Amino acid sequence: MKAKTGYLGRVEGEGALEFEIHDGKLKRLKVNIWEPPRFFEGMLVGRRFDEVPDIVSRICGICPVSHMMTSIRAVEKAIGFEPDRGTIVARKLMSYSQIASSHLVHLIMLALPDYYGKGSLMELLPDKEVTLKKFIRLKETFNGITSAFGGGRALHPVSMVVGGFTALPNENRIRELRSNLLSSKDDLMDIFKTVSGLELPDLQTGSEFVSLSAEGEYAVNEGQIVSDMGLRGKEDDYETLFDEKEVPYSNAKKTVVRGRGPLMVGALARIYLQSDRLSENAKKTALEAGLIPDPVKNPFHNILAQAVEILHFAEGCQALLEIAKPETAYLKPEPGEGEGAALTEAPRGLLYHSYLIDRGGIVRKANIVTPTAHNYLGIEENLRRLIENNINEPVERLKLLAGMLIRAYDPCLSCSVH
Amino acid sequence: MRFFSPGDRKPRVGFFKFSCCTGCGFQLAYFQKSLEDTLKSFDFTFFRLASSSGTPEGPFDLALVEGAVTEPYQIIELKKIRANSAVLYAVGSCAITGGIPAIKAGVPEMEVQNKAYRTKLYGLTSLRPSVLGDYVEIDGSVRGCPPGERDLQEAMVSVLFHRKPEFAGYSVCVECKIKGNICVLVAEGLPCMGPVTNAGCGALCPSYHRACYSCFGLMGQANTAALKGKFRKLGLTEDEIERRFSLFDALETKK
Ligand code: SF4
Ligand code: SF4
Ligand code: SF4
């Protein structure tokens, strides 16, 4: 028996799942990502260093800030530029607020309908009208932060550039953002309850959990590579630690830790490895959701982890808005020559950019590895487990479960191919 | 342009994605102030990003298409969408001017591909980028990367009220003047693309102390020669000027 999901819905980008079952055994399974390549690594060559963030932002419409941030840090390292402290605070606000809104979209618009057997959030109306309203309000709050610091829009922001920010919000605007966050407390808890009340399928993964880790904070924009299987390394060692493979049936590449099996990156891996650095409220909810102190490595729990992270980043934004200074100066960096690499935590996990820049400030080489490339092998491996565990279920049920698992990873196929 | 006959049903909308970042699709969801009304006033019968139900076959009262054309199968799909839709709007710079995916138009295709893949090249079918208007008739262009709220709203409302949409057809400078910004081109000598760029963003960059980089694409009848002359006077090299114009308009500039 052959089964195909066709074009996967409620997933960013274009891909499909195919599998074959014969005599009660799973024979073949592949996730085919036919998302058309745009060859970013090719088109970046020949562009100037300060154009890079505006170009890579267009890799992805849901995590543009992550691509900008990672490229900005890599480019700044290459040309030998150090950002000031105010810039670092504003950059964290950009990343935190973007992760929270990306998670919200995933949880409410993309994942939730599965758990009610529906095709979309629209089909959940009017029942979920209240959830929709809260979702929109929260999204407005977080997008409001990204857009205030990003120059008037949250998607492909304009003021975050190599060197810092061309402008920052004034005191009044910052105060407004703080009070919006304060009044979103109930909505935040309700969204958490909506997600933690879902009945998630069982599954145990053997994947290695990988994330960044930093002293004294929940690492997002910078950190060391760590894993639950003892991997340790710096971002500059990334290319020697990880291996990228091209796949005949897919336009996306698969990335693994050299010489090892599948890995998982993203919210669940981050909480697994850095739970001690979650904010107080987020810790409480992580406990309530069973993510600590004795976590099970169930990829479906990624949506619980995202719900916890929304609370964490809401508190993170609140704290940063207390110290954000509107008067940070923008330093215009001079072109410089060199090589630079950076790793950050995008909403979906580990994101890598590296650039070689020549004396004229022109990019000569670019390399980008996205969270979904890191998760790709693990998604297939865990789909196999899931289907084998439920092999006697009707095929329609298997397709539904498989779709749910793929969505639990919140894959971004545009990113994975780029 | 054929509009649907209202009767008592909502207009059926199909949303399609070609080669792009899906940002235009997400922009509909970032559209928070109008999201609820939009969901209630339209029947999104095909929108892969938001729904796993529905069929791409239509028929649609409105088709919204984002992304540049870079694969042969997209041309066939696009023609089908056109045939099944009363109104078709191109959404976003990728679909209208080629935008970021079109940067590679200036370089031999294989040279670009070789830098992104090492072994896989035999399986790739990617073409030199092109835009929707090269293959089918377009009833309107919702410009921007991503589109601004005003034009997006206008696109939806025009279909609800059966009228031709009125999209902003002037330059970013006009919006900049309305906002009362200090001109960064004149006052600070920043290489602002505002004079030749289609409006719709609300002159974001100049409002944040940055030169416009033309993410909404060149407007019709833009006086590019005059602006290039101005850039030369500011001391930009030919290479730098070319780069300003090829970021979002490579298809125009590298013809
Ligand atoms: S126009 Fe811009 S926002 Fe829209 S899909 Fe293309 S790159 Fe993304
Ligand atoms: S700042 Fe740019 S957009 Fe504004 S008026 Fe000057 S040239 Fe035009
Ligand atoms: S000012 Fe120019 S680059 Fe900036 S958002 Fe508007 S059109 Fe895009």
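Helices (H or I, at least four residues) and strands (E, at least two) are DSSP runs, numbered from the N terminus. The model is predicted: local features need pLDDT of at least 70, side-chain atom pairs count only at pLDDT 80 or more, and totals for chains, interfaces and linings use all residues. Residues are numbered from 1 along each chain as its sequence is written, while chains are lettered from A and ligands numbered from 1 in the order in which they are written.

**Exercise 1.** Describe the shell around ligand 2.

Solution. A residue is near a molecule if its C-beta atom, placed from the backbone, lies within 6 Å of it. Ligand 2 has 13 residues around it, and C173(B), C176(B), C183(B), C192(B) and G194(B) come nearest. Next, assign the shell to elements: α7 (172–179) and α8 (184–188) of chain B each supply at least two residues. The largest share, 3 residues, comes from α7(B). Finally, sort by class, where Ala, Val, Leu, Ile, Met, Phe, Trp, Tyr, Cys and Pro count as nonpolar, Asp, Glu, Lys and Arg as charged, and the others, Gly among them, as polar. The shell around ligand 2 has 11 nonpolar, 2 polar and no charged residues.

**Exercise 2.** Explain why the site of ligand 1 is shared between chains.

Solution. Ligand 1 has 15 residues around it, of which C20(B), G23(B), G92(B), C94(B) and C145(B) come nearest. Residues from chains A and B surround ligand 1, so the site is shared. Two or more residues of this shell come from each of α1 (23–30) and α4 (93–96) of chain B. The classes are 7 nonpolar, 6 polar and 2 charged residues.

**Exercise 3.** Characterise the side of chain A that touches chain B.

Solution. Two residues are in contact if their C-beta atoms, placed from the backbone, lie within 7 Å. By this criterion, 47 residues of chain A are in contact with 49 residues of chain B. On the side of chain A, the largest share, 5 residues, comes from α5(A). This side has 21 nonpolar, 13 polar and 13 charged residues.

**Exercise 4.** Locate V65(B) within its surroundings.

Solution. Leaving aside neighbours within four places in sequence, V65(B) is in contact with F16(B), F18(B), I81(B), L88(B), A90(B), V91(B), A95(B) and L132(B).
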